[in-house]
Amino acid sequence: MAKKLRVGLIGLGSICQGGHIPGWLAADGCEIVAGADPSSGARESTQRRAGLGADLLFEDYSQMLAQVELDVVDICTPQKLHVKPALDAFKAGCHVLVEKPMATSSADVRKMIAAAQAADRLLMVGQSMRFTQEHLALKRWVDAGLVGEVYWGRASWLRSRGVPVRPSFLLSQFSAGGPTYDIGVHVLDLSLWLMGHPEPVSVSANTWLKIANRPSLMKHDPKMYELPEDLAVAFIRFANGACLSLEASWALNSPELDTWSVMLAGTEGGIVNNPPTLVREEAGMLTNTYTQVNPDAGIASHTAQIVAFAEAIRKGLPSPVPGEQALFTQRILDGVYKSARQGREVKV
Ligand SMILES: NC(=O)c1ccc[n+]([C@@H]2O[C@H](COP(=O)([O-])OP(=O)(O)OC[C@H]3O[C@@H](n4cnc5c(N)ncnc54)[C@H](O)[C@@H]3O)[C@@H](O)[C@H]2O)c1
C-alpha cells in the first residue's frame, strides 16, 4: 500500500473547517498531520475536527514547516497572505494547494509559479466551483464540440445584500478588493476554463461603492472597515476575438438576494449553468437540453478538488488547476482595478 500523503494546513478559518478538512478526511490515501493559525479558536476547532494533538497545531506556520515532515501544504489564509506561505512550502519541498484568488497581483502569481517549477512540485489553485457536477456537465458539452467557437460570455455573481462581515474580506491588509476578488473570481475562472483560456488582451471596467456603507445595510462597522467596492462591471477582450462581460456585487438594488450565472454563446450552441443547459438547433428547432445531474449524488466541490489534487500528485499528472491559468485570471483582475482607476480600457 502506497504511503499516505501527509498534509499540513495553513489558515484554519471558515473555508478550511467547512471545506478543506472534510475534503482531506474523505480523500483516500491522505492524512492531515499538522496545522497552523495564529488564532487559538481556529486551532482548537481543528483539534476537534481533524483529530490532531495540540502539539501538532502551531501559531506560526514556519514552525510547522520546520518541525513536521509534510508532502502537501494547503493554504486557506486571507487572500493577501497566500504568497509567502506558498513560497516557503515549496522551499520545504511540498506540493501546494492554495485557495482562490491565488494571489493579489500578477507579479506574485508569477513568483509562485516559478517557485513551484524550481521545487518541481505541483501547485493547484482552489477554484472549487470547477468541480461541481453542473459545471463538469457544461465542460463536457464544450469539450464535445457542441458549443462550437465561443465568441461571447457573461459571468455574473450579484448579491443584493451580501457584504461579508469577516475582517479577512474587509481589511486592506488581508484583501485586495471587494466582490471582484471574493466572488467575481469564481465566475471569471469558470468562464475562462469553459472558454479554453483564450489570451486576454484588454479590460474596460468600472467599480462603485454606493450603498454598502449605509447603516440600513451594514453588518460591518464602517469605522473599522474600508470597503473597496460594492459593485464591479467589466468588459474583457481576448486575442481570439471573443469577449466576456463580468459583474460582481456585494450590495446592489437587484431583485435577487444572491444569484450567479455563467453563460457562453458559441457558433453551434449556447450553455448556461443554472440548471445546466445546452441551447442549440435540433430538427429545425431551437432546443434546450438539460442534464439530469443530481448535485447531491456528487461529492462536495471542495472534496472533489482535493481528491483530484491528491490523484495528480500520486500519479504524476499535471495540476488540475495550474497557476498558469490563474495568471490569466489575475491579469484580468489587475486590469479591472486599473481600468476603473483610469476611466478607460487598459491592456492586460
Ligand atoms: N473556494 C471557496 O468556495 C471559498 C470560500 C470562502 C473563502 N475562500 C477563500 O479562502 C481563503 C480564506 O477565507 P476564509 O473565509 O476561510 O477566511 P477566514 O477569515 O474565516 O479564515 C482565515 C484564517 O487564516 C488565519 N490566518 C491569518 N494569518 C495567518 C497566518 N499568517 N498563518 C496562518 N493562518 C493565518 C486567520 O486566523 C483565520 O483563521 C480566502 O482566500 C478566501 O477567498 C474560498
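Ground rules first. I am working from a predicted model, where local features need pLDDT of at least 70 and side-chain atom pairs count only at pLDDT 80 or more, while totals for chains, interfaces and linings use all residues. Residues are numbered from 1 along each chain as its sequence is written.

Next I looked at H9 itself. Helix H9 covers residues 301-315 and reaches 21 Å from first C-alpha to last, close to the 21 Å expected. (Helices are DSSP runs of H or I with at least four residues, strands are E runs of at least two, both numbered from the N terminus; the expected span is 1.5 Å times one less than the number of residues.)

I then checked burial, meaning 20 or more other C-beta atoms within 10 Å of a residue's own, with C-beta atoms placed from the backbone. The buried residues of H9 include His302, Gln305, Phe309 and Ile313. The buried residues of H9 pack against several elements, among them strand S1 (5-10), helix H1 (14-26) and strand S5 (95-99).

Domains came last. The domain assignment, which is automatic or from a database, gives domain 1 (5-129 + 301-322) and domain 2 (132-298 + 329-347). I noted 17 residues from each domain in the contact, counting C-beta atoms within 7 Å. On the domain 1 side, helix H5 (106-119) and H9 each give two or more residues.

Terms used: A residue is buried if 20 or more other C-beta atoms lie within 10 Å of its own, exposed if 12 or fewer, and partly exposed in between; C-beta atoms are placed from the backbone. Two residues are in contact if their C-beta atoms, placed from the backbone, lie within 7 Å.
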